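Reader: I have a structure to study and some questions about it. Could you take me through it?

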Amino acid sequence: MPSQLKTSGSDDVSMDDAPTSHQPQQDESMMDQDEVEDDEENDGEEEEEEEEEEEVQRVKLLPGSTETAASFEFANEGHTLGNALRYVIMKNPEVEFCAYAIPHPSEAKMNVRIQTYEGTTAIQALEKGLADLQDLCDVVNDKFLEARQKFQEQNGVTA
Amino acid sequence: MDYDPMAMDDAESLGPVVKISQADSVRVKFELSNADISFANSLRRVMLGEIPTIAIDLVEIEENSSVLADEFIAHRLGLIPLNAEGVESLLYSRDCDCEEYCEHCSVKLTLHAKCTGEENMSVSARDLVPSGDRMNQNLGTPVITDSDGLGPLLLKLRPGQEIKLECIAKKGIAKEHAKWAPSAAIGFEYDPHNKLRHIDYWYESDPKAEWPPSEYADWEEPPAEGEPFDYDAVPNHFYYNVETSGPLSPDGIVTEGIKVIQQKLAMLIHELTEGDGGDGYNGPRSPEYNSGPDGGFGYSTSYGGNGGNQSSWGGGGGSTTPFGQTPFQGGNSWS
């Protein structure tokens, strides 16, 4: 990955060098490499190793995250998971703040922001939220099967 | 971090409650209470759009002398509900090792009809005959519920006309195309007396007189005369009406829906915990989650995959159902 040409592509590019459409693209790729340090190494490897995999990583930690305040990006998720997850994470008393957003409707991405109090991390809170939501699903499933059983007994239905 | 997620507020201390008010072979009506609207809505969304079923996705037409165009018939075939029993053991075509399709990721149906009589002939879903190896004897069989046992009408033939074709039914979800929807409709409502003011009724002079009460109005206390607006109130009782179009039983749709949510979560948990050993969450991921051997984690959404949509221009005389090639197949605007 070439990280060398940063200087030439900096803010004051002369406009005659390249068509305008070229410049933002260049700038962006440079910025990415600078900011998302921990992404860099892996991205390179992934591209080489798994050319066929279109979607390798479903959850990404967004840049600028700290231990207790982090933003996660979920690929291929939407309101279905986002809102329920937000609710369950917010139920955790150690979580100060949790919200989700879908930054753009035509991108299949969902962002979750979690801020916790001291004593736990945002990542732990996310993992706990996922597990809790799964437990909630279990309970609702059990209750539904129970209710179905009861309904069938009451109405003398078999099968 | 020890707290009981089920025991929170007073209203929710009991945990979720489910009450079934009506159930038969086509619909189940139930009430979910002591749950949050976000979860209730997740369940609704997942039942509508993300339960895997099976539908005809590829049609090879050998002979069509009917008055209808090939693609018209292909589209109609796509919309025929097929029995989805045991679809969980079927692979998505894009995850399968085969070239185009095989018995692990598809079910083959054939249709051959010729009008030899004097009268026009009706060809219906009954005439679609599953052939070849199948996971079980029901998977992919057209759903027939009418009293004559014919199923939906596909086309009509005049004397001498003939139709001969082969269909490939594949697994998919309704988020990609509505033909994979297991439900005909899902009713969802809460707060029948509109105490929360989530609805702003249009009216001539008196909304109470002009709007019929909800079918669930008796299930909840009507607001007392002159009751002040409770700005702390949140919806707590949700009324579902799940109607199947045939592929799954109505209660099967509900349990499958919950399963789909859980598979989503399991996949994410799997991915997160797997990454814990490495450097945060950016460690390389194994692609296993798409086709985990344990089946439980085998869920993958269908968007972005091209495997499910073959172009009709490749095979001679073949044509897919027209929606297999919409420009929408890559991105999902409905998420």
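Author: One definition comes before the rest. UniProt positions are given in the numbering used here, and annotations may be inferred rather than shown by experiment. Keep in mind that this is a predicted model.

Reader: Which feature does UniProt place at residues 27-271 of chain B?
Author: The name comes from the UniProt record, an unreviewed entry. The span has 20% helix and 27% strand, and its end C-alpha atoms lie 36 Å apart. The record calls residues 27-271 of chain B "domain: DNA-directed RNA polymerase RpoA/D/Rpb3-type".

Reader: Is B:Asn34 buried or exposed?
Author: B:Asn34 sits in the loop between β2 (27-33) and α1 (37-49) of chain B. Its phi is near 55°, a positive value in a residue other than glycine. Buried means under 20% relative accessible area. B:Asn34 has 11%, so the term for this residue is buried.

Reader: What is the relative accessible area of B:Asp191?
Author: Look in the loop between β9 (183-190) and α3 (207-210) of chain B for B:Asp191. Phi of B:Asp191 is positive, near 55°, and the residue is not glycine. B:Asp191 counts as buried because its relative accessible area is 10%.

Reader: Why does A:Asp138 count as partly exposed?
Author: A:Asp138 belongs to helix α4 (residues 122-154) of chain A. Partly exposed lies between the buried limit of 20% and the exposed limit of 50%. A:Asp138 gets that label because its relative accessibility is 35%.

Reader: Which residues gather in a patch of negative charge on the surface?
Author: The patch is in chain A. One of its members, A:Asp138, is found in helix α4. The patch consists of A:Asp135, A:Asp138, A:Asp142 and A:Glu146.

Methods:
Residues numbered from 1 in each chain as written. Chains lettered and ligands numbered in written order. Predicted model: local features only at pLDDT ≥ 70, side-chain atom pairs only at ≥ 80, totals over all residues. Heavy atoms only, no water. Patch = residues over 30% accessible without salt bridge, like charges linked within 9 Å, V, L, I, M, F, W, Y side chains within 5 Å. Areas by Shrake-Rupley, 256 points an atom, 1.4 Å probe, with all protein chains shown as cover. Salt bridge = Lys/Arg side-chain N within 4 Å of Asp/Glu carboxyl O. Lys, Arg positive; Asp, Glu negative; His and termini not counted. Charge placed at Lys NZ, Arg CZ, Asp CG, Glu CD. Helix = DSSP H or I, 4+ residues; strand = E, 2+ residues; numbered from the N terminus. Buried < 20%, exposed > 50% of the residue type's maximum accessible area, 1.4 Å probe, protein only.
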